[in-house]
Amino acid sequence: MTLTRTAQPRIAILGAGLLGRLLAWRLLLEGYKVYLIEAAGFTNSRAAAFTAAGMISPLSELATSEKHIYDLGIKSLALWPLWLKTLTAKRALFFAKGSIALAHPQDQIELEQFYRDISYKLRGESFAAEWLNAAQLKALEPLLSHFNRAIYLPNEAHIDNRHLLSRLLTAIKDHGGICIDNCPINMIDDEICEQSTIRLQQHNIANSFDYLIDCRGIGAKTSLNALRGVRGEVLWVETKDVTFQRPIRLMHPRYKLYAVPKPHQQFIIGATEIESEDISAISLQSTLELSSALYTLHPAFAEARVIETDTNLRPAYPNNQPHIIQTNKHMSINGLYRHGFLLAPALVAESIQRINAQFTPH
């Protein structure tokens, strides 16, 4: 429902990654006038969401994250299908088929530790995680019948992330949002600096927004001293010989490989998490490790074609927790780390609640 206000507040959102687009769309539905401003192009954005696998896996991430991340993820897991029902798309965006964690026989201790970590952090709470034998696993994913044990997490999901980002941009424009790309913005003490104001004036927009929301991810590092980038590397492969219905996580002592199905018989493969802000191309070592692990997941991947490699920086605070920092006319939402699609709806919902409280007469 659109809230009643004495005027239509003008809100500028900096950064057109997942957070920026999702927030712009939801604010437009709330009745705000929204300006979405992106430093690069909308179609060639370097936002982390374009590199991400799009997994919504609160239980899987809990094994190596704080309980707060899990709680936010559960909220997002409920919000995603509710919100996406109103977003028209040519193909499915949201897949609620669960996920599977497994390990080779010599690495079973890794799978058992994964389950123990989840159980410990949720002690006293019920959660959906089912141990599968070989026959049960084969019933869910026939091509994984050579594994004799696995854990099925039925309540997890994944998203066609790149198609979603494209659809969000279209929805923003359809609802009257003003989208400005190739417009880098510099901030000084929560204010847009003079040089950036000139750029906005070139787009016939004065620097007179009622509220400013910074969703620039790692692009906000000059304004947020505590923010750091964490390097991630992925492969995109294509094969007609392998079909999975859901994300697969392969537990290993050195890495936790994930393989997430995408449209057109494609998969995104990742595992690396490197404490570096190097944004250069993927390393040979990472390529070899990802490829080797993928081959052990199923030998048919040997003939898969590598159609893309990508690297990006995940924005993270020292505690790897997201933060919403709010002042009178400014809000910063950042630090989603590797949990962008897991956390975004919950953070957007909380941010809109705060903004509504500020602009709605009491």
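Contact here means heavy atoms within 4.5 Å. Helices (H or I, at least four residues) and strands (E, at least two) are DSSP runs, numbered from the N terminus. Axes are lines fitted to C-alpha atoms, for helices over the stretch in contact, and angles run from 0 to 180 degrees between N-to-C directions.

This is a predicted model, in which local features need pLDDT of at least 70 and side-chain atom pairs count only at pLDDT 80 or more, while totals for chains, interfaces and linings use all residues. Residues are numbered from 1 along each chain as its sequence is written, and side-chain values use heavy atoms, with hydrogens and water left out.

**Exercise 1. Find the strands that helix α9 lies across, and describe the sheet they belong to.**

Step 1. Start at helix α9 (residues 284-297): it lies across β5, β13 (228-238), β14, β15 and β16 (266-270). Its direction makes an angle of about 50° with β13.

Step 2. Now trace the sheet. Its eight strands follow the order β6-β7-β5-β14-β15-β16-β13-β17, in an open arrangement with mixed pairing. Two strands pair if DSSP finds at least two bridges between them.

Step 3. Look at the edges: β6 (130-133) and β17 (305-316) each have a single partner strand, so one side of each lacks a neighbour in the sheet. From one strand to the next, the twist averages 25°.

Step 4. Zoom in on one pair. Four bridges join β5 (residues 99-102) to β7 (residues 149-153) in the antiparallel sense, and Ile-100 stands opposite Tyr-152 in β7.

**Exercise 2. Work out how α1 and α10 are placed relative to each other.**

Step 1. Helix α1 (residues 18-29) packs with helix α10 (residues 340-359) at an angle of about 40°, and their axes are 10 Å apart.

Step 2. Classify the angle: the two helices are therefore oblique to each other. Under 35 degrees counts as roughly parallel, over 145 as roughly antiparallel, 65 to 115 as roughly perpendicular and the rest as oblique.

Step 3. List who touches whom. On α1, the contact residues include Leu-18, Leu-22 and Arg-26; on α10, they include Phe-341, Pro-345 and Val-348.

**Exercise 3. Is Pro-345 buried or exposed?**

Step 1. Locate Pro-345 in helix α10.

Step 2. Its relative accessibility is 0%, so Pro-345 counts as buried. The cut-offs are under 20% relative accessible area for buried and over 50% for exposed, with partly exposed in between (1.4 Å probe, protein chains only).

Step 3. Leaving aside residues up to four places away in sequence, Pro-345 touches Leu-22, Ser-76, Leu-79, Trp-80 and Trp-83.
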